[in-house]
Amino acid sequence: KILFTILLCSVLCFLSAQSRKQVQQYYYWINQAELAICDDNYQLASQNYVKAFETANPFTSDLYVYLGIYQKFGIGEKDDLIFCAHKLAQREALSLDRYQDDTLLYPIFKIILDTTVSTIDHNLTDRLKQIVERDQEVRLCNDFASAEEKALAVRQTDSINLFEIKKLYNTYPIINNDNAGFFEQDVWLILLHCSQNGIKGIPWRLFEEQVALNCFSVTDFMTMYDECTQWRAYADSITCTGYGTKLEHQRIVGNTLFVYPPANIEEINRNREEIGAAETWQDYKRKLVYTFLSRKFAFVALQEDVWGDEAANERAAEKGRNEIDSGTVKGEYFIR
């Protein structure tokens, strides 16, 4: 029995190591694909996406970008496009609207959409929907006697929702794009509201494990972690110094993107490597600038500051540019 237990543990450790290696390879090829897009090398990007899809179960967002390259530039192999369409159909995320004029793929995609069995667990998605609806209902409700009473109700709701998120992960052995669809944004919303209201107990280690299992996007995790931990609730649960995606590092004013590099880039890159991301902060900055200047593909969520009318925005932008030009503030700017 002891030998069997040792053998079983060895096998499980081997499988876990293999899984982590596959996930790391996936993110390596995804990063290479996105950097190729930043260089306008869409042929190479398409090839790199295919290599990623061959290593691990692809995320829906990455499937969309691969299909987007085909839609915009006509680049992509038929078998790979069919693979993407089938995965999206399983996840109830395939739309035929963009393929109406494609005489080659439209009939094939139509058959795929009509015949593919969904992998979505509607009990799971309904529970996620209920959590989000509860979050929004209490925030939109104006029937409270005072602002203090509403604030208390919101905090209570956030605590309940965090408990429900934890319960989902205790109930379902796997939560990913296959059975939950685009669930990451729902989780992100709840954790952000909890962090803003000082609700303690976000299980960051759990989500790090989900990233390692290829169930939660590492890109979404890093941005979610940075956005949440900049609020006051997390002295007791911060697992690292962050990943360099906080809004203090980038802002848009008018037609100008300002980038303010973090002081601890080497540490941030170590944090990124430890979570499994192939993308360095320098890679992130390239994608940020590309997203702002190009608008063809969006790899980074952009933050726009509004100072008033167009003239006020331009004055604020000019002030920011002057601060960087004079060396008063360390940073770079890019004008669109």
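The dialogue below takes the features in turn, each with a general idea and then a case.

Me: What should I know before reading any values?

Reply: The model is predicted, so local features need pLDDT of at least 70 and side-chain atom pairs count only at pLDDT 80 or more, while totals for chains, interfaces and linings use all residues. Residues are numbered from 1 along each chain as its sequence is written, and side-chain values use heavy atoms, with hydrogens and water left out.

Me: How many residues does helix H6 have, and what span should they give?

Reply: Helices (H or I, at least four residues) and strands (E, at least two) are DSSP runs, numbered from the N terminus, and the expected span of a helix is 1.5 Å times one less than its number of residues. Helix H6 covers residues 122–140, so its 19 residues should span 27 Å, and the end C-alpha atoms are 26 Å apart, which agrees.

Me: Which residues of H6 are buried, and which helices do they pack against?

Reply: An α-helix has 3.6 residues a turn, so residues three or four places apart point the same way. Buried means under 20% relative accessible area, exposed over 50%, and partly exposed in between (1.4 Å probe, protein chains only). In H6 the buried residues are Leu124, Thr125, Leu128, Ile131, Val132, Asp135 and Val138, and they pack against helix H7 (147–171), helix H8 (177–180) and helix H9 (184–196).

Me: How is burial read for Gln90 and Asn48?

Reply: Gln90, in helix H4 (residues 78–90), is buried with a relative accessible area of 17%, and Asn48, in helix H2 (residues 42–55), is buried with 4%. Contact means heavy atoms within 4.5 Å. Leaving aside neighbours within four places in sequence, Gln90 is in contact with Thr116, Val117, Ser118, Thr119 and Ile120, whereas Asn48, with neighbours within four places again left aside, is in contact with Trp29, Gln32 and Ala33.

Me: How many aromatic pairs does a search of the whole structure find?

Reply: A pair of aromatic rings is described by the distance of the centres and the angle of the planes. Rings of Phe, Tyr and Trp (its six-membered ring) pair if their centres lie within 6.5 Å, and planes under 30 degrees apart count as stacked, over 60 as edge-to-face and the rest as tilted. The search of the whole structure finds 23 aromatic pairs. The rings of Tyr169 and Phe207 have centres 5.4 Å apart and planes at 80°, so this pair is edge-to-face. Tyr169 lies in helix H7 and Phe207 in helix H10 (residues 204–212), so the pair ties together parts 38 residues apart in sequence, and both residues are buried. Trp281 and Tyr284 form a tilted pair, 6.5 Å centre to centre with 45° between the planes; both lie in helix H13 (residues 281–294), three residues apart, about one turn of the helix. Ring pairs also link Tyr49, Phe53, Tyr66 and Phe83 into a cluster.

Me: Where does a charge sit over a ring?

Reply: The criterion is that NZ of Lys or CZ of Arg is within 6 Å of the ring centre and within 35 degrees of the ring normal. Lys72 lies over the face of Phe297, 5.5 Å from the ring centre, and the charged end of Arg251 sits over the ring of Phe258, 4.9 Å from its centre.

Me: In what order do the strands of the open sheet lie?

Reply: Two strands pair if DSSP finds at least two bridges between them. Four strands form the open sheet in the order E3-E1-E2-E4, with mixed pairing. Strand E3 (304–305) and strand E4 (332–335) stand at the edges with a single partner strand each, so one side of each is left without a neighbour in the sheet. Strand E1 (residues 250–253) and strand E2 (residues 256–259) pair in the antiparallel sense over four bridges, and Arg251 stands opposite Phe258 in E2. E1 and E3, by contrast, run parallel and are joined by two bridges, with Ile252 opposite Glu304 in E3.
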